[in-house]
Amino acid sequence: MKLSLRPLLVLASLLVISAFIVLQREKALLVSAASYTGLARIDGELQLDLVVSPPIGAPRDTLQLQVFLTNHTDALSSPSIFLQLPSNLQIDVSKLPAGATINLSSNTIQWLAIVPGKNGTREMVLPLKVTSADLKQPEQKITAVLRQQDSERSTSATVWIGIPPISREFRLANHSNYR
């Protein structure tokens, strides 16, 4: 009788260990996905907020890129914003605002915005189509450079472009907007 209990105990132990490993792996995937917020900010008299929603995309998905400028001074401001996008994101050229130009070969956008003073704001919203996945390097950066007079400041929003680390339904249901 002792011989028949031993294989059952070994099997039960293996099941418990397997369940623990699976739960830890799922927990790690949720944590890694949560680190891709798609948010970035440059603080100062002229504030730039960069929002990518959702911050995780796979081929054929459309991500929404929002750039918000807020002028905290009393005077009119005319900064230049330079955006560098990953090569696997396609820009919808018809959605570019006035004052924006695109370089398709380098996948960059330059936006010459005019922002009124006293907390005046300007916004650019662009849909970005995910054209391909980089399986070896799914973590990508969308970089914004804010140039005003003699100063230049930059920030980057980290996004995941590839095979999603968690299910599409989970990431869409649990992504909250920034701002």
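Predicted model: local features only at pLDDT ≥ 70, side-chain atom pairs only at ≥ 80, totals over all residues.
Q: Which residues line the second largest pocket, and what is its volume?

A: The lining consists of Glu45, Leu46, Asn71, Thr73, Ala75, Leu76, Ser77, Ser78, Pro79, Gln148 and Gln149. The volume of this pocket is about 150 Å³.

Q: How many helices and strands does the protein chain have, and in what order do they run?

A: You will find 2 helices and 11 strands in the protein chain. Reading from the N terminus, the elements go α-β-β-β-β-β-β-β-β-β-β-β-α.

Q: What share of the contacts with a separation of 6 or more joins residues 24 or more positions apart?

A: With contact taken as heavy atoms within 4.5 Å, such pairs account for 67% of those contacts in the protein chain.

Q: And how much of the chain is buried?

A: Taking buried as under 20% relative accessible area, 38% of the 179 residues qualify. The chain's accessible surface comes to about 10,800 Å², and carbon and sulfur atoms hold 57% of that surface.

Q: Which residues have the most contacts inside the largest nonpolar core?

A: They are Leu48, Leu50, Leu65, Leu69 and Leu83, in a core of 31 residues. Take Leu65 as an example: leaving aside residues up to four places away in sequence, Leu65 touches Leu50, Val51, Val52, Leu83, Leu85, Met124, Val125, Leu126, Leu128 and Ile142.

Key
Residues numbered from 1 in each chain as written. Heavy atoms only, no water. 1 Å grid on protein atoms, 1.4 Å probe; cavity = no way out; pocket = protein on both sides within 12 Å on 5 of 7 lines; lining within 4 Å. Points joined across faces, edges and corners; volume = space filled by probe spheres on them. Helix = DSSP H or I, 4+ residues; strand = E, 2+ residues; numbered from the N terminus. Buried < 20%, exposed > 50% of the residue type's maximum accessible area, 1.4 Å probe, protein only. Areas by Shrake-Rupley, 256 points an atom, 1.4 Å probe, with all protein chains shown as cover. Core = buried A, V, L, I, M, F, W, Y, C linked by side-chain atoms within 4.5 Å.
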